[in-house]
Amino acid sequence: MDFKRIELIFFAAFAALDIFLAVSFFQNNSDVHPTSANTNHSATILNEMRDDSISFKKPSNKKGQGYYISTQTSGTKQLKAKMEKLSGQSAKMADGEIISTFNTPLTLDVKNPDQTLNKVVQNSDEIVNGKSYQYDKATSTDSQIIYTQKISGQRIFSKSGQIRFKVNSANQVVGYTQGYLTNAQPLREKQDTISQERAIIWLYQYNEMPNDTVIEWSRLGYTRLLSIQKGSVYVPTWYIAIHGKGSSALQYYRINAFTGVIMKYSTQVSSTSNSSSTTSSSQDDSSLLNQAVSSSQRAVESSTEESVRSTTNRGSYNNSYSSNESSGTSSKTSANTASSGNSTNAINSTSVSTSSEVQ
C-alpha cells in the first residue's frame, strides 16, 4: 500500500475543506456587517433624538409591504343615487363628496363617541356604504369624529376615503362630509416599505422634528399621491403625530413608505391637449397612472439620498414649536422640490401641478 499517496490525498481533501469553510465564513460576515452597521447607526440617531428631549416609544425596525393602488371616481353616480335615499338628513354631492346635515343633531358620549356613531354608520338608511368604514380614535378630535375606509388592510389618511362628523360645542353631531373610494386596484406587485423606525429617523433628519417634543404615534396607511381626471393613485404612508411637551395640539406628518420622502402635496395630472381632451381622457387611463407613478417614484428616489445626506448632521433647531403650529405646515424640503420638478420633466404627455392634501 502506498501510504505516501494516501497521505497526499488526505492532505488535499483537508486543504479543500479549509478553503471552503474560509470562503463561507467571509461570505457570512459580508452579509452580517452591513446589517449590524445599519442597526448601530439607527441606535445612534435614536439616542441623539433622546438627547434633544424628543420622547417616543421604541419604534419597530421591521419592514412592511404595500402597493401603489389606483382608485376610480366612476362610482360617483351610484354614490349619488344611494345618497338620495338617505333619511333624517339633507344631503348633497359636491366635488365627489357627500355633504350632509342631520335634521336632528345626535348627542354623543364624549368619552365613547363611537358607541353612538357606530349604529349610524352601520345603518344603510343613514350612511352610504357605512360598513366600509371604521372609527379612528387617533385622528378624531373634540370637534370632528373620523371614520376611515381601508385599502389593502390599511386605513386611508386622505379625506377622499373618510367620513368626518362635525361636532358642535354641545357635543352634538350636526352633520358630516363623506368621501368614498371605489374600484381599488394594485398598479404594481407588492413592494417593501421602510420600517417605522426609519420613518421616524428620516423625519428627524429632515429637521422637521423640533426639540422638546413627543411622538404621540406613528401609523402605516395610505395617502393620495397622484390625482388624474378619472381617478387617483394611493401610496403606503407613515403617518406621524407629534406635539410639544407643553402642548396637546398635534402636528401631523406623512412619510412616503416606499421612498422616505415627506409628503406635503398631492400631484394633479391632466392632459396637455385641450383640443383632444375627450380623446385623451378616454385614452388608456391605467397607462397614464403607471406613467405618473413611475416618474414620481424616480424623482423622489433620486432626491431622497441627497436630502438625507445633507441633513444627517442635524444642527440645533432654531424654530420654536409654536411657530410650526402657527404656520400649520413646515417648509419644503429639497426632496419635495426635486420631486415636483423631476416629475414635470419625466411626464412628457401630461402636465403636473400641486395641490395641498388636507389631513
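What pLDDT does the protein chain average, and what share of the residues score at least 70?

Guide: This is a predicted model, and the protein chain averages a pLDDT of 75, with 64% of the residues scoring at least 70. Two stretches call for caution. Over residues 30-34 pLDDT stays under 50, and the model has zero contacts there beyond four places in sequence. Over residues 266-283 pLDDT likewise stays under 50, although the model has 36 contacts beyond four places in sequence for that stretch. Where pLDDT is low, the predicted coordinates should not be read in detail.

As for the overall setting, the protein chain has eight helices and 16 strands. Of its 359 residues, 43% are buried. When contacts between residues at least 6 apart in sequence are considered, 69% join residues at least 24 apart.

The aromatic pairs come next. Ten are found in a search of the whole structure. One of them is formed by Y68 and F258, a tilted pair with 5.0 Å from centre to centre and 55 degrees between the planes. This pair links distant parts of the chain, 190 residues apart: Y68 lies in the loop between strand 1 (64-66) and strand 2 (69-72), while F258 lies in the loop between strand 14 (251-256) and strand 15 (265-271). Both Y68 and F258 are buried.

W217 and Y252 form another pair, with ring centres 5.9 Å apart; the planes meet at 45 degrees, so this pair is tilted. Here too distant parts of the chain are linked, since W217 belongs to strand 12 (residues 213-228) and Y252 to strand 14, 35 residues apart. The relative accessibility of W217 is 14%, so this residue counts as buried. Y252, at 27% relative accessibility, counts as partly exposed.

Leaving aside residues up to four places away in sequence, M49 touches I54, F56, I200, Y204, M209 and I215. In soluble globular proteins, nonpolar side chains tend to be buried together.

Nine of its ten residues are buried, so helix 4 is largely enclosed by the rest of the structure. The buried residues of helix 4 are Q196, E197, A199, I200, I201, W202, L203, Y204 and Q205. Two of these, I200 and Y204, are touched by M49. Just after helix 4, N207 takes a positive phi of about 60 degrees.

Strand 6 (residues 144-151) pairs with strand 8 in the antiparallel sense over five bridges, and R164 in strand 8 is the bridge partner of I146. Five of the six residues of strand 8 (residues 162-167) are buried, so this strand is largely enclosed by the rest of the structure.

Strand 8 is also joined by five bridges to strand 9 (residues 172-178), and these two strands run antiparallel. Within this pairing, I163 stands opposite Q178 in strand 9. Strand 8 and strand 9 form a hairpin with four residues between them, and N171 in the turn has a positive phi of about 60 degrees. N168 is found in the loop between strand 8 and strand 9. With a relative accessibility of 27%, N168 counts as partly exposed. N168 and S143 are 25 residues apart in sequence, and their C-alpha atoms are 6.4 Å apart in space.

Terms used
Residues are numbered from 1 along each chain as its sequence is written. This is a predicted model: local features need pLDDT of at least 70, side-chain atom pairs count only at pLDDT 80 or more; totals for chains, interfaces and linings use all residues. Side-chain values use heavy atoms; hydrogens and water are left out. Rings of Phe, Tyr and Trp (its six-membered ring) pair if their centres lie within 6.5 Å; planes under 30 degrees apart count as stacked, over 60 as edge-to-face and the rest as tilted. Buried means under 20% relative accessible area, exposed over 50%, partly exposed in between (1.4 Å probe, protein chains only). Contact means heavy atoms within 4.5 Å. pLDDT is the predictor's confidence in each residue, from 0 to 100. Two strands pair if DSSP finds at least two bridges between them.
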